[in-house]
Amino acid sequence: ARGTQHGFLTRASAGMTSTHSSLSEPHAKALHARRKISRATAERLGIVSQGDAIEFQYRHSGALLFTKLRAPPKRFWIEPAGVALSLWNLDCCRDLDSTGGTLIVTEGEFDAASCVEVGFPCVVSVPNGASVRSDDGDVVPSTDAQFAYLWNAAKTGLIPELHAATKIIIATDGDAPGRALAAELALRLGADRCYLTQYPEGCKDANDVLIKYDAETLRQAIEK
């Protein structure tokens, strides 16, 4: 049976059984042609094929926590149902020392993969798109359901990976929901260490920049 969680379909499962580790040839060709993301980058990040769907593997300390799947035309669902969400590519934070403590946060997995493709090693994506709060009150970690993936298990502070970052580049979408998400993230992560990415005219997100321009233009947009 399927239900919903954070705006995505969820499918009941007895546990994590995904053994997929590669992209099909059609998926690899489409990803390179349409997204300018190489097979090597995709598979290293846990973007693999499951039938006609693209599977994004969410891991922590190497262990598979859950998967998010995307199938034509634009259907998303998460397996297994009811799982606690986390940031995608979170294990990259083990390399924060190599970036001087700089972490990039995107709104989607393809945007994160685009940043990795052009040379940024520490990039994570939120799991559920442009979520925003339903009220403007103080942020209370224990009741901050839409952003639960940012908080540690005890709900006393940010997860260690985020706490360790000294500079956070927020590369959410450039539309109104994306800017709202950026504001919500900065509120929780600490505005004093957050920097908002500005994209070239006509581009909505990081992958857009890579598609319409090139790797150097995306690097410049992130590093501004």
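Trainee: What volume does the second largest pocket have?
Mentor: A pocket is an open set of points on a 1 Å grid over the protein atoms alone, where a 1.4 Å probe fits, with protein on both sides within 12 Å along at least five of seven lines. Volume is the space filled by probe spheres set on the points. For the second largest pocket, this comes to about 330 Å³.

Trainee: What should I know about the model and its numbering?
Mentor: This is a predicted model, with local features needing pLDDT of at least 70, side-chain atom pairs pLDDT 80 or more, and totals for chains, interfaces and linings using all residues. Residues are numbered from 1 along each chain, and side-chain values use heavy atoms, without hydrogens and water.

Trainee: Which element gives the most to the lining of the second largest pocket?
Mentor: The lining (residues with an atom within 4 Å of a point) holds 13 residues here. Ala30, Arg34, Ile54, Arg70 and Phe110 lie nearest the centre. Elements are DSSP runs: helices (H or I, at least four residues) and strands (E, at least two). Both α1 (25-35) and β5 supply at least two lining residues, but the most, six residues, come from α1.

Trainee: Which residues are closest to the centre of the largest pocket?
Mentor: About 470 Å³ of space lies in the largest pocket. The lining has 25 residues, and the closest to the centre are Arg70, Lys74, Phe76, Gly108 and Asp173.

Trainee: How far does helix α5 reach from its first C-alpha to its last?
Mentor: Helix α5 has 14 residues, 176-189. The expected span is 1.5 Å times one less than the number of residues. For α5 that is 20 Å. The model is close to it, at 20 Å.

Trainee: What covers the buried residues of α5?
Mentor: Those residues are Gly178, Leu181, Ala182, Glu184, Leu185, Ala186, Arg188 and Leu189. Buried means under 20% relative accessible area, exposed over 50%, partly exposed in between. The cover includes β7 (102-106), α4 (160-164), β9 (167-171) and β10 (194-196).

Trainee: Which residue takes a positive phi just after α5?
Mentor: Look at both ends of this helix. At the start, a side-chain oxygen of Asp175 reaches to within 2.9 Å of the backbone nitrogen of Gly178. Just after the helix, a phi of about 105° belongs to Gly190.

Trainee: Is Leu196 buried or partly exposed?
Mentor: Leu196 sits in strand β10. Beyond its neighbours within four places in sequence, it is in contact (heavy atoms within 4.5 Å) with Ile170, Thr172, Arg179 and Ala182. Its C-alpha is 6.0 Å from that of Ile169, 27 residues apart along the chain. Because its relative accessible area is 41%, Leu196 is partly exposed.

Trainee: Why does Asp208 count as buried?
Mentor: Asp208 is part of helix α6. A polar atom of its side chain lies 2.8 Å from the backbone nitrogen of Lys204. Leaving aside neighbours within four places in sequence, Asp208 touches Gly202, Cys203 and Tyr213. Asp208 counts as buried because its relative accessible area is 18%.

Conventions: Buried < 20%, exposed > 50% of the residue type's maximum accessible area, 1.4 Å probe, protein only. Polar contact = N/O pair within 3.5 Å; in protein donor to acceptor, adjacent residues only side chain to side chain.
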